[in-house]
Amino acid sequence: MSMFYSPRHAAQRTSSPAAKRAGAGVLAATALGLGATMTATSASANGGPETAPAQTQPQTEAPAPTGGAQSTSGSTTFSDVISQGDSGSIVEQIQEKVGVTADGNYGSATAGAVADWQADEGLAADGVVGPETGSAMGLSGGSSDASAPSTGSTSSTGTASATPASSSTSSDSSLLSAARSLIGSPYVMGGTSPSGFDCSGLVQYVHAQQGKDIPRTTQEQQAAATPVSDPQPGDIVFFGDSAYHNGIYAGDGKIVDAGNSGTGVVERDIWTDDVSYGRF
């Protein structure tokens with residue numbers, strides 16, 4: 001008899017007491033607020049696909065962010081060095097950040113407030129706003145070295161020269177003498193003459209006095225110079241990579257550089273280990 005069992009009879013078996021009990025369970029679960037879970041369980045119990053009710057799973061995760069503008073302060077890159085004696089709108093930004101009167105003059109009170117802010121942020125508390133501190137503050141602007149046009153590294157054809165033809169493999173102490181002769185010259189952002197220098201303008205000028213035509217900006221000078229591991233007086237000291245400041249090595253851990261408007265061109269101690277050396 002089982003060989004001639006009608007499909008109709010097989011279909012009628014779905015109304016068995018077990019199925020009715022399962023259906024009753026769903027109704028009871030729905031009344032208790034558990035409908036979605038019990039529906040999935042009942043489907044599995046009645047031979048349905050165990051993974052079918054995926055659409056009943058609650059969506060507990062928020063959609064992923066669609067934009068990249070959530071972090072704006074981290075994208076700021078500051079490449080200047082601002083310290084006591086400087087003035088201007090960038091100093092006002094710093095003063096507002098550290099909570100002192102924003103008069104635009106970087107005095108001892110501002111330097112002290114900057115040092116306190118640096119200590120709170122886990123930075124070197126030197127009271128000087130360099131690239132690391134400035135970027136952490138989210139300051140706008142940067143050094144003239146990063147944006148100044150390349151005006152002193154052109155060949156006779158007018159094409160910028162990446163590597164000067166007069167580069168040397170030995171240090172030249174006459175470069176140090178030329179740099180020292182300019183001590184006392186004022187600092188001027190973008191300056192390239194004794195009436196006012198910025199850091200790379202001074203380096204370019206003293207090389208020109210020795211007949212060496214080198215690029216204009218700090219980064220260009222770093223890229224074109226021959227790296228040296230045993231610096232000698234007259235070599236170039238580069239701060240950072242890519243460099244944000246440079247000057248002429250004076251030996252004994254000292255440098256001649258155009259640091260800021262408060263000091264002009266001076267000879268002073270190198271204040272960090274984050275330096276490299278190059279030579280033309």
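How do the residues of the lining of the largest pocket divide into nonpolar, polar and charged? There are six nonpolar, seven polar and five charged residues. Here Ala, Val, Leu, Ile, Met, Phe, Trp, Tyr, Cys and Pro count as nonpolar, Asp, Glu, Lys and Arg as charged, and the others, Gly among them, as polar.

Before we go on, note that this is a predicted model, in which local features need pLDDT of at least 70, side-chain atom pairs count only at pLDDT 80 or more, and totals for chains, interfaces and linings use all residues. Residues are numbered from 1 along each chain as its sequence is written, and side-chain values use heavy atoms, with hydrogens and water left out.

**The two pockets**

A pocket is an open set of points on a 1 Å grid over the protein atoms alone, where a 1.4 Å probe fits, with protein on both sides within 12 Å along at least five of seven lines; lining residues have an atom within 4 Å of a point. Its volume is the space filled by probe spheres set on the points, which are joined across faces, edges and corners.

| Largest | about 440 Å³ | six nonpolar, seven polar, five charged residues |

The largest pocket is lined by 18 residues, and Asp126, Val128, Gly130, Tyr244 and Trp271 are the closest to its centre. H6 gives the most, with three residues. In the second largest pocket, the lining includes Asp80, Tyr187 and Asn260.

**The cores**

In soluble globular proteins, nonpolar side chains tend to be buried together. A nonpolar core is a set of buried Ala, Val, Leu, Ile, Met, Phe, Trp, Tyr and Cys residues joined through side-chain atoms within 4.5 Å, where buried means under 20% relative accessible area (1.4 Å probe, protein chains only). The largest one here has 21 residues, of which Leu202, Val206 and Ile248 touch the most other members. Among the elements that give it two or more residues are helix H9 (199-209) and strand E5 (243-251). Another core, of 15 residues, lies apart from it and includes Val98 and Met137.

**Two buried residues**

Thr110 sits in helix H5 (residues 108-120) and is buried, with a relative accessible area of 4%. Asp235, in the loop between strand E3 (226-228) and E4, is buried at 1% relative accessibility.

Conventions. Helices (H or I, at least four residues) and strands (E, at least two) are DSSP runs, numbered from the N terminus. Buried means under 20% relative accessible area, exposed over 50%, partly exposed in between (1.4 Å probe, protein chains only).
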